[in-house]
Amino acid sequence: QGREIQQRVFENVDHFMNAPVLATKITNRAYDIHAFPHYLQPLDRNHALSHFYVQAISMKLKVYYGLESGTTVLITDDLMGASYRESGNSGYDLNDPAMQHYRNVCVNRDTGATEECAMGEGDKYVSCTTENCDDLFPCPEDPDDASEATATATASNCTSTDTDCVDGTVTTVDSKASVQRWCRDYTFEKVKPGEQLGYLPRSYSCFDNMAQFSQTPGEIIYPDPDDPDVVKEDGTCTFRGGSLVSREVSGPFAYCGNPMDPTKEYRAPIPLDSDGNVDSTAAASVTCDNTFAGVYRTRDYDPRMRSWFTTSKAKLRPFWTEPYVFFSSGSIGITWTEPLFQTDAAGRSVFEGVLCVDYKLDQISGFLEEAYLDSSTFIAVYEATAPYYMIGSSKSSPLSKKVLA
């Protein structure tokens, strides 16, 4: 009987922990077949939000991503809003004319007043070693994975005339090791005393039943106060102080598109010269005003500096992170990560970003408590390596408790 209980536990937990794996694989497959025409860059924000909202509703999971361009898109934890960061780097000179459209897009979440997106001394930002971080180099091998990259086996029928036969041994190369990955080169810098630098904000927005940024009164979705599981669609978007969100910030933002690239859509009128061609001079200053519609909060955030991103870039394979503190909620949890790759014109497999699903530790315990509510069996999930922290249990208990010596 004990073995049967153990087997059922393994099956239940395995199903629960594999759900994020399935969710990211679905998104990664959509990425590979160009369901996101612009590889999840800013022009794909609307496509990505619709895709993630369907997954959130149907699978009860929140998938999100961060890219090497700095772009990030996600549905908020309560599934009632969205969050987005444009592509590009923080750490720009606040007086740089080319960056003025970003300087004043930040907002006070209480009053709705415009704020300057200014960094403080010691704040970190990405600094490219070459212009736009475009140069590629072979991704370094993760030392933790080096021992798994190759394996050897002795074959009795191996002779010196056989391919890959050396002294009677066949060497088998792992598929991960046989594919050279390419990475972009940049460093993390800190704002020095006296420097006046700005950041590209991560913005939080209300959205409508199509999962799009919105501030239209009567079209905002929100949870029914009498039943949190019911979503209502006739709400209004407000700041924390109660005033209505009404933001039309004009500028040549990444979300607007690039009128000089005929292969991409563009969200503003394309300026033409007298001959009917794109006016390159005018195109540089073309703006759109819906990038920050419905945005009620902004924060300094770059996905490339988060541990889930840097570790995924180092490992170049899917994995579960160790428990850590989530940026937005302050909760402790773990994250399933799956890297995104894109083949460039030279045929190189380039690391482009990371797909993620978060599990708060209380979510894992909630699942176990519900699954084993009427059981006398105590179930615990803990780390497989030191320090062996408990990450979930079927009975209420402190989740930071070590369960193994």
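These exercises walk through strands, a core, disulfides and backbone angles in one predicted model.

Residues are numbered from 1 along each chain as its sequence is written, and side-chain values use heavy atoms, without hydrogens and water. Because the model is predicted, local features need pLDDT of at least 70 and side-chain atom pairs count only at pLDDT 80 or more, while totals for chains, interfaces and linings use all residues.

**Exercise 1. Describe how strand β2 pairs with β1 and β3.**

Step 1. Strands (E, at least two residues) and helices (H or I, at least four) are DSSP runs, numbered from the N terminus. Two strands pair if DSSP finds at least two bridges between them.

Step 2. Take β1 (residues 63-67). It runs antiparallel to β2, with three bridges. Tyr 65 has Val 73 of β2 as its bridge partner.

Step 3. Look at the turn. Four residues separate β1 and β2 in this hairpin, and Gly 70 in the turn has a positive phi of about 100°.

Step 4. Take β3 (residues 81-85). β2 and β3 are also antiparallel, over four bridges.

Step 5. Check both faces of β2 (residues 72-75). Thr 72 and Leu 74 on one side are buried, and so are Val 73 and Ile 75 on the other. Buried means under 20% relative accessible area, exposed over 50%, and partly exposed in between (1.4 Å probe, protein chains only).

**Exercise 2. Find the residues that touch the most other members of the largest nonpolar core.**

Step 1. Define the core. It is a set of buried Ala, Val, Leu, Ile, Met, Phe, Trp, Tyr and Cys residues joined through side-chain atoms within 4.5 Å.

Step 2. Name the residues. The largest core has 64 residues, and Leu 40, Tyr 65 and Ile 364 touch the most other members. Helix α1 (residues 2-32) gives the largest share of this core, seven residues.

Step 3. Follow Leu 40. Contact means heavy atoms within 4.5 Å. Beyond its neighbours within four places in sequence, Leu 40 contacts Tyr 31, Ala 48, Tyr 65, Leu 67, Thr 71 and Leu 340.

Step 4. Look elsewhere. Another core, of 17 residues, lies apart and includes Leu 74, Leu 316, Phe 326 and Cys 356.

**Exercise 3. Describe the disulfide of Cys 139 and Cys 183, then that of Cys 256 and Cys 288.**

Step 1. Set the cut-off. A disulfide is a pair of cysteine sulfur atoms within 2.5 Å. The whole structure holds five.

Step 2. Take Cys 139 and Cys 183. Their S to S distance is 1.9 Å. The link is right-handed, with 105° about the S-S bond. Cys 139 sits in the loop between β8 and α4 and Cys 183 in strand β12, so the pair ties together parts 44 residues apart in sequence.

Step 3. Take Cys 256 and Cys 288. Their sulfur atoms are 1.8 Å apart. This link is left-handed, at -80°. Cys 256 is buried because its relative accessible area is 1%.

**Exercise 4. Locate Ala 211 and Leu 316, and give their phi.**

Step 1. Recall the rule. Most residues other than glycine have a negative phi.

Step 2. Take Ala 211. Its phi is positive, about 65°. Ala 211 lies in the loop between β15 and β16.

Step 3. Take Leu 316. Its phi is positive too, near 60°. Leu 316 counts as buried because its relative accessibility is 11%.
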